[in-house]
Amino acid sequence: MKKGTSIIGFVCFMILVLISLGKAQPKTSENTEACLTCHAQLHPGIVAEWRKSNHAQITPSDAIKKPKLERRVSFQKVPDSLAHHVVGCAECHMMNSEKHQDRFDHNGFNIHIVVTPTNCSTCHPIEVQQYGKNLMAHAYGNLMNNPVYRSLADAVNGIQSFEKTKTMIRPPDLETNLDSCLYCHGSEMKLKGKISRETSMGKMEFPVLSGWPNQGVGRINPDGSKGACTACHTRHQFSIEMARKPYTCSECHKGPDVPAYSVYEVSKHGNIHSALGKGWNFNAVPWTIGKDITAPTCATCHVSLMVNENKEVISERTHQMGDRIPWRLMGLIYSHPHPKSPDTTPIKNKAGLPLPTELTGEPVVLYLIDGKEQEKRKMAMQKTCLACHSPGWVNGQWTRFENTLKTTNEMTLTATKILLAAWEKGAAKGLSQKDSIFNEAIEKKWVEQWLFFANSTRYASAMAGADYGVFANGRWYLNKNIQEMMDWLEFKLKNQPEKKEKKERPK
Amino acid sequence: MKKGTSIIGFVCFMILVLISLGKAQPKTSENTEACLTCHAQLHPGIVAEWRKSNHAQITPSDAIKKPKLERRVSFQKVPDSLAHHVVGCAECHMMNSEKHQDRFDHNGFNIHIVVTPTNCSTCHPIEVQQYGKNLMAHAYGNLMNNPVYRSLADAVNGIQSFEKTKTMIRPPDLETNLDSCLYCHGSEMKLKGKISRETSMGKMEFPVLSGWPNQGVGRINPDGSKGACTACHTRHQFSIEMARKPYTCSECHKGPDVPAYSVYEVSKHGNIHSALGKGWNFNAVPWTIGKDITAPTCATCHVSLMVNENKEVISERTHQMGDRIPWRLMGLIYSHPHPKSPDTTPIKNKAGLPLPTELTGEPVVLYLIDGKEQEKRKMAMQKTCLACHSPGWVNGQWTRFENTLKTTNEMTLTATKILLAAWEKGAAKGLSQKDSIFNEAIEKKWVEQWLFFANSTRYASAMAGADYGVFANGRWYLNKNIQEMMDWLEFKLKNQPEKKEKKERPK
Amino acid sequence: MKKGTSIIGFVCFMILVLISLGKAQPKTSENTEACLTCHAQLHPGIVAEWRKSNHAQITPSDAIKKPKLERRVSFQKVPDSLAHHVVGCAECHMMNSEKHQDRFDHNGFNIHIVVTPTNCSTCHPIEVQQYGKNLMAHAYGNLMNNPVYRSLADAVNGIQSFEKTKTMIRPPDLETNLDSCLYCHGSEMKLKGKISRETSMGKMEFPVLSGWPNQGVGRINPDGSKGACTACHTRHQFSIEMARKPYTCSECHKGPDVPAYSVYEVSKHGNIHSALGKGWNFNAVPWTIGKDITAPTCATCHVSLMVNENKEVISERTHQMGDRIPWRLMGLIYSHPHPKSPDTTPIKNKAGLPLPTELTGEPVVLYLIDGKEQEKRKMAMQKTCLACHSPGWVNGQWTRFENTLKTTNEMTLTATKILLAAWEKGAAKGLSQKDSIFNEAIEKKWVEQWLFFANSTRYASAMAGADYGVFANGRWYLNKNIQEMMDWLEFKLKNQPEKKEKKERPK
């Protein structure tokens with residue numbers, strides 16, 4: 001058959017050549033041509049990717065002429081500098097370079113290394129603006145500038161030593177943080193200095209950045225902006241297919257703390273995608289339920305502009321993912337209503353801790369969305385569900401899900417009470433002893449109760465990947481862990497030094 | 001090239017149009033047309049899926065005319081009501097509605113929500129009959145009506161609280177069970193009441209079902225039947241491709257308790273499927289080894305009708321999966337010969353427990369298949385193996401596998417003896433104290449010994465995905481867990497209240 | 001559309017038939033034809049696979065005529081016996097049979113069961129020679145003939161029993177080892193005897209081999225050679241596509257001890273492969289970055305001949321994978337420079353242990369490559385990186401990676417010191433007590449510190465799959481495990497028999 005296919009291929013190719021001759025080629029700017037002179041040789045992979053991208057194939061002027069539903073750009077007026085060329089190396093890496101700490105003179109061109117959301121917003125302003133209202137865009141500060149989370153990060157990444165009979169921990173170095181939490185949360189990029197390198201064009205000087213490379217969702221960029229569009233829209237093909245496929249999300253959402261992808265994979269939706277997705281169209285804009293896909297990926301429910309076959313909008317595109325999420329499932333001790341602001345550093349509970357709930361679970365309502373806003377977001381999410389499921393189905397699923405939020409919070413509360421008892425009885429050192437609440441064995445078990453087991457159970461419920469929420473990291477461990485915390489406490493109390501035991505007897 | 005492809009596409013399309021014009025369209029029934037009037041708009045996804053299905057493209061009358069090996073239906077005589085239409089909404093959701101608790105008058109039509117195996121058996125009677133003899137069809141009762149398993153489910157799903165110095169557990173609510181074990185085992189669906197909903201056609205009334213939504217394999221349906229064909233033949237495309245791909249099985253067979261998919265994925269069979277399966281034909285009936293596929297998926301060995309290129313049958317289609325399985329690997333304390341009946345609730349061992357083996361491993365032969373039946377099933381399974389492997393290969397693999405059943409049973413027995421010692425010495429409360437055998441830490445370790453580690457090791461052996469059976473949940477833990485059970489026991493005994501310690505000294 | 005496609009397909013097919021008629025068919029040898037007479041019937045799957053292979057479609061004489069970069073064979077002169085046929089059953093299973101313990105007279109033919117690298121080297125001598133210099137080729141001896149690793153294998157696979165109040169362990173039987181470590185490391189195959197089997201040609205005698213079936217990378221073959229090309233070049237299609245896809249590597253590199261695939265899957269490279277790889281060309285030789293693929297798989301960085309679109313070589317093909325690897329990340333207590341020789345059994349540290357580092361981490365330099373060789377290998381690896389990334393990116397990544405080697409070694413040292421303290425204080429029995437260093441609970445925790453957690457963290461860093469290295473088996477556990485080792489030690493010391501405690505008080 002191969003031979004026959006080749007012949008047909010050849011005929012098509014000739015037809016294509018004839019058509020192409022009569023048609024204007026997309027124009028690459030002179031600056032970009034200059035880049036390509038060397039870099040097509042130096043980095044063939046990256047250039048080949050770009051050539052496959054929409055960026056290389058359509059000018060912004062043409063892109064904005066498409067019918068509104070089909071547009072992938074959102075500017076009002078074509079920027080003059082982009083009117084007549086496709087978007088190549090120079091269009092991004094030379095845009096607003098003056099605002100970039102990482103700019104450098106490169107063979108007469110003013111180049112910056114890191115392309116930022118501010119650069120992207122030239123053509124995609126609405127998406128960048130929405131994304132800025134996302135928890136994700138604030139992922140760096142929300143972790144590093146919150147003393148409690150920072151202390152958790154230190155307990156994860158810190159380096160322990162052992163001398164005599166004791167262990168000591170020192171805070172993690174920057175490279176370790178970059179290799180761990182900040183890989184996903186994003187790095188803070190700063191100019192460290194310059195370096196000279198021998199190149200095919202002779203000696204050249206380049207800026208050296210701390211925190212590079214990094215594509216974390218909350219990256220602090222050298223132009224002061226936040227985030228990295230390339231976290232999902234992978235360089236340099238920037239393919240919408242890639243951002244819509246669940247694998248992209250798995251880069252940061254697979255582990256036991258946030259097992260969205262792991263759950264999706266065993267859900268019926270994920271099964272359908274794995275089995276039948278090879279025939280779907282992931283490139284169409286808008287994205288048509290039924291025609292392009294017959295089951296959702298992450299993007300379908302959380303981001304994409306979805307329409308039916310009559311081009312009626314089912315859900316609007318949003319890059320402010322919280323728009324459709326009434327509850328925050330993960331990352332915190334208890335599930336709770338979404339925070340109002342994506343910057344969560346100002347949040348303080350009654351005990352003065354920078355947490356959206358009390359240690360015993362009550363939400364700190366001042367900083368969280370109210371029931372009305374929750375209802376609105378629930379409705380926004382359910383629009384997509386209802387494109388395939390009846391209201392009876394959706395209500396049944398939702399009831400079950402919210403019940404799971406309640407019971408997993410209850411199981412976390414139980415673990416928290418055991419921990420509080422351990423602190424009170426001196427079996428471990430906690431808040432009142434001004435000690436880290438994440439360093440002792442019982443504290444680590446407590447963390448796993450919410451960060452791993454409660455989160456996993458909730459995701460399994462939310463996305464109907466129940467198998468994951470039973471034995472693979474869910475309910476089994478929620479219960480087992482409590483038993484082990486109790487045993488640990490019993491042991492510690494039984495084996496405390498005499499003095500302490502006496503002190504406690506009067507109680 | 002794209003342009004050329006489009007032109008060819010257009011030519012094909014025109015040819016297709018011309019051909020179609022001269023040909024009768026598959027006929028949709030009037031009732032189904034009525035459904036589609038609204039529902040194609042309301043649930044575009046589900047309708048698009050159905051249009052891609054065989055159900056929408058061929059009438060049962062035509063389906064039964066195919067050569068025997070190619071048939072996907074198994075009725076003797078075309079049911080009158082289905083003779084002249086394809087199988088659409090009405091054909092399933094209005095079939096035998098009078099027997100359905102979940103029926104309701106919907107705009108003048110007598111509709112039921114849940115399509116059941118009894119409904120499917122109209123066209124697929126043999127498959128439904130076979131499936132009914134499966135352990136899977138009885139998965140609800142086998143779990144919920146067996147006091148030991150029920151107690152395990154309660155230990156997994158129960159909600160613990162902590163007051164003073166003690167934890168208390170309360171049994172799980174229904175929603176939690178539905179979100180956990182029953183997601184795969186199946187729910188018991190009952191009519192809870194009616195609900196009024198505002199619709200595009202004005203106010204309408206709908207039944208509300210407890211246990212809905214659910215597609216569990218042993219679902220108790222509103223017409224009294226058991227099971228859900230849609231667990232594997234996913235609605236509403238009912239694609240055989242989907243049922244034959246391993247992802248579908250992963251929905252319930254991936255976790256540490258039954259890691260069939262996890263093992264398959266790292267097995268050579270799974271590797272071949274992942275790497276080369278994109279070019280296979282998953283839709284052909286019968287399924288031809290070598291031509292359609294070059295390595296098995298789950299369905300190949302356990303379910304499908306397999307032939308060679310001369311259309312000689314290698315193995316017959318069966319929906320009674322046990323047909324080819326001599327040993328039961330999982331779900332119970334020890335591996336043992338398959339139970340005779342799919343309903344395992346009548347089984348009782350000498351100690352009066354509803355288990356197919358004694359607590360020390362001896363099989364309860366009365367309820368289990370004998371050696372002759374085991375041999376027959378082994379031979380049935382090996383027919384598929386031998387289509388690609390020599391007898392020497394197959395025997396080597398099987399010897400290893402049965403040795404692993406023996407050694408994993410031995411490692412479970414060791415763990416059981418430690419547990420029995422713990423009960424005897426009062427370190428934990430068990431059977432003789434009429435306490436749950438699943439609630440204390442050492443009991444949970446014991447459960448993991450068989451439910452996770454022995455099961456995983458066995459699956460890894462059975463399907464030759466050895467990597468999974470060593471460090472990923474297998475032999476490493478079988479050994480480590482015993483050490484930890486011993487340490488736990490030592491600690492508990494050393495730290496028992498004075499009185500008990502005295503009582504023990506005389507021993 | 002299907003109909004139209006079929007018509008086009010038919011036209012192509014007719015063209016193909018006409019072309020084929022005018023062209024010589026690849027020739028199968030008489031011997032192979034004789035094999036096929038029966039075996040095409042007996043094992044349709046395996047024969048169908050072979051028919052799809054290059055082996056069945058091109059003669060070695062034609063294969064060597066291709067331009068050098070496109071060649072898949074590496075012999076200097078066509079072996080006479082292979083000059084005029086394609087490579088079929090007989091060409092491999094009858095080659096040099098006299099040297100094979102597993103040869104037998106089969107219907108007048110001198111056949112051997114196991115095809116070995118020595119057989120493959122007839123056409124692929126350079127690849128076989130390179131592979132022999134690989135750690136992989138020595139995987140059997142490096143495990144089984146090193147007393148420390150052998151003792152670890154025994155601790156993983158041994159069978160424990162419980163009598164009275166004690167556990168006992170007996171060494172694993174051969175079948176268990178074959179089902180576990182040796183599945184990947186390779187078996188030692190020996191002729192056990194002969195067996196008579198009834199066949200379609202009457203009674204026939206076949207050799208029986210211990211250690212069969214096995215495709216482990218370090219298999220000891222019946223002709224004395226080492227390794228199994230079929231571990232990666234899966235029988236009987238021997239598709240280069242399969243060897244280049246990461247699934248193949250996952251067969252042995254997914255578990256927590258060596259999670260290369262698990263990390264790749266969540267890395268950006270893996271995400272790109274999962275999302276866009278369906279359109280890549282995995283069969284091209286040479287393999288062109290940008291044209292054939294736009295992100296690396298395992299083979300891209302570790303094995304394959306890579307070129308740019310001008311056919312300039314980016315990296316040479318190598319089957320000695322260590323060529324591009326300066327550091328050994330896994331399998332041992334500490335990360336260290338790669339060993340000089342692939343046979344690691346002669347290595348001894350100062351304490352006389354067969355380990356490439358001291359127990360406290362210092363490398364045993366005599367047996368390990370020096371800094372210059374490390375630099376050379378680093379450069380060889382980075383050539384591939386630089387095809388898509390700038391030097392600034394690559395240096396940033398590498399700095400982070402080497403920092404992670406340092407800190408994970410440090411975390412392992414801390415765990416080792418705790419273990420040494422446990423041994424010294426009599427809480428566990430270790431080296432000086434001539435006891436296994438892998439059997440007690442604290443020793444098993446120590447093993448997990450390096451074998452699971454440090455290894456996982458390093459892989460996550462090396463391949464930029466950070467998510468895996470934080471909570472999924474990495475830094476979180478590196479820290480938690482130390483806490484648990486400390487608690488275990490405290491408990492054991494507190495609960496030691498009186499006598500010992502007295503002995504310690506004076507300290």
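Two strands count as paired if DSSP finds at least two bridges between them. Helices (H or I, at least four residues) and strands (E, at least two) are DSSP runs, numbered from the N terminus.

What you have above is a predicted model, in which local features need pLDDT of at least 70, side-chain atom pairs count only at pLDDT 80 or more, and totals for chains, interfaces and linings use all residues. Residues are numbered from 1 along each chain as its sequence is written, and chains are lettered from A and ligands numbered from 1 in the order in which they are written.

I start with a sheet in chain A. Strand 8 (residues 306-307) and strand 9 of chain A pair in the antiparallel sense, over 2 bridges. A:Met306 has A:Ser315, in strand 9 of chain A, as its bridge partner. The sheet is open and has 3 strands in the order 7-8-9 (chain A), with mixed pairing. Strand 7 (287-288) and strand 9 (313-315) of chain A are the edges, each pairing on one side only.

What packs on this sheet? Helix 17 (residues 371-386) of chain A does, touching strand 8 and strand 9 of chain A. The direction of helix 17 makes about 120 degrees with that of strand 9 of chain A. Such axes are lines fitted to C-alpha atoms, for helices over the stretch in contact, and angles run from 0 to 180 degrees between N-to-C directions. Contact means that the C-beta atoms of two residues, placed from the backbone, lie within 7 Å.

Now the interfaces. With chain B, 56 residues of chain A are in contact with 58 residues of chain B. Helix 18 of chain A gives the largest share of that side of chain A, 15 residues. The side divides into 26 nonpolar, 17 polar and 13 charged residues. Here Ala, Val, Leu, Ile, Met, Phe, Trp, Tyr, Cys and Pro count as nonpolar, Asp, Glu, Lys and Arg as charged, and the others, Gly among them, as polar.

With chain C, 57 residues of chain A are in contact with 55 residues of chain C. Helix 3 (residues 44-52) of chain A gives the most to that side, with 6 residues. The division is 26 nonpolar, 18 polar and 13 charged.

Last, symmetry. Chain A can be laid on chain C by a turn of 120 degrees and a shift of 0.0 Å along the axis, with an RMSD of 0.0 Å. The two copies are therefore related as by a three-fold rotation axis. They use different surfaces: 4% of the contact residues of chain A recur in chain C. Superposition is by least squares on the C-alpha atoms of residues with pLDDT of at least 70 in both copies.
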